[in-house]
Amino acid sequence: MKFSHDPNLTSIAEKVEQGERLSFADGLALFETDDLTALGKLADGVRRERHGRTTYYNVNRHFNYTNICYADCKFCGFYRTPRQPDAYTHNIDEALKIAGEAVGEGATELHIVGGLNTKLPFAYYTNLLSGLKRAYPRLHLKAFTMVELDHMAHFYKMSDEDVISQLIAAGMDSCPGGGAEIFREPTRSAICAHKTDADRWLALAGKVHHAGLKTNATMLYGHIESVEDRVDHLIRLREQQDQTGGFQCFIPLAFYPENTKLAHLSAGPTGVDSLKTIAVSRLLLDNFPHIKAYWVMLGKRLAQVALHYGANDLDGTITDGGELTESYSVESHNEVKMNKGEIKTLIEDAGFAAVERDTLYHPIAELSAA
Ligand code: V47
């Protein structure tokens, strides 16, 4: 039987089988195929070769230290201006309280991000990290996107290297992948004109890798971007990874339009589009070990299916203190939180083996047995 009724997919499958790198044109053809099942099978084959039946999750918590931001990104429903009544900035005591609850619930990671808030001194960030590290030395601090690092370098007139080394000295253990959005112009400027540009985002990721830390990468899809924009985004990440090798996970983020300035232009991606995006990411990003099906944006049920389309990670139990729930999430009418049992069941019901990991993908059971 033929691999697919789509001749493009059949020839790409031969390339994948021979370990040949896929091109920009291949990426377009993968997005354009109508043979979702064959695309999924191809991505699942690559995923199983690398990870077998293992699907990772972690126990983590999100901490958004401030929602005040000047970037004015059109896709964002989270940010506030300083005068809005629900604008906030958390102090160190509030951070310690949230971290303490997280540790009490078995969290191994605190995911720390926030808006670009010009009222904070640089010491706010270093005190936040060092205070958390002193109180909870075993909690991994996955903190600050390339956009926040860029803001710090510009706003406090520091070199990138100084920003990165001082944050590492204070306790930063790795960086999350946010702020990548869509790299290609003019789309990037149309959705986030005041944000770090693509070259700078990628260069900063390279500098963090050179400093010895791992980072993640994301892509926001399902708004006004084209298929060419997506393929360009993936290939730029692949090129950066060839150079500095520090990306550990790629997370496609399904756009959630409610409460954003793009709500009138997009209803967000369809389920088929999300599955395709996961599969194409797995196939084009041949040098990224992990592809995450971020259940908060996909919804739990679609995230489960995405495990058959190339994803090998579901992210974590999350617990966000209400901020994600209120701003952007397809799960916003449910509680943005899963316990370990629920996440394991989701993975096992999909036919995979659930493995709890730390942020750097070490299995937790092995760590505690060692
Ligand atoms: O950069 C903002 C996205 C990102 C919306 O590194 C939206 O492990 C959908 O980067 N609809 C932040 N998405 C979240 C992020 C992330 C999440 C989980 C894990 C990791 C990781 C990173 O959220 C932003 C932006 O791309 N975002 N608004 C929205 N309306």
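## Tour of the ligand site and salt bridges

Select Phe75 and the ligand: a backbone N or O atom of Phe75 sits 2.8 Å from a ligand nitrogen atom. That is a polar contact, meaning a pair of N or O atoms within 3.5 Å; within protein, one must be able to donate a hydrogen and the other to accept it, and residues adjacent in sequence count only if both atoms are side-chain atoms. This is a predicted model, where local features need pLDDT of at least 70, side-chain atom pairs count only at pLDDT 80 or more, and totals for chains, interfaces and linings use all residues. Residues are numbered from 1 along each chain as its sequence is written, and side-chain values use heavy atoms, with hydrogens and water left out.

A backbone N or O atom of Tyr256 is 2.8 Å from a ligand nitrogen atom. Taken alone, the ligand exposes 620 Å², and the protein buries 94% of that (Shrake-Rupley method, 1.4 Å probe; for residues, only the protein chains shown count as cover).

Strands are DSSP runs of E, at least two residues; helices are runs of H or I, at least four; both are numbered from the N terminus.

**From Lys142 to Glu109**

Keep Lys142 and select Glu109. They form a salt bridge, with the closest N and O atoms 3.4 Å apart (a side-chain nitrogen of Lys or Arg within 4 Å of a carboxyl oxygen of Asp or Glu). Lys142 lies in strand 4 (residues 140-143) and Glu109 in strand 3 (residues 109-113), so the pair ties together parts 33 residues apart in sequence. Both residues are buried (under 20% relative accessible area; exposed is over 50%, partly exposed in between; 1.4 Å probe, protein chains only).

**On to Asp160**

Select Asp160 and Lys207. Their salt bridge has its closest N and O atoms 2.8 Å apart. It links helix 7 (residues 160-170) to helix 9 (residues 198-210). Asp160 is buried at 9%; Lys207 is partly exposed at 30%.
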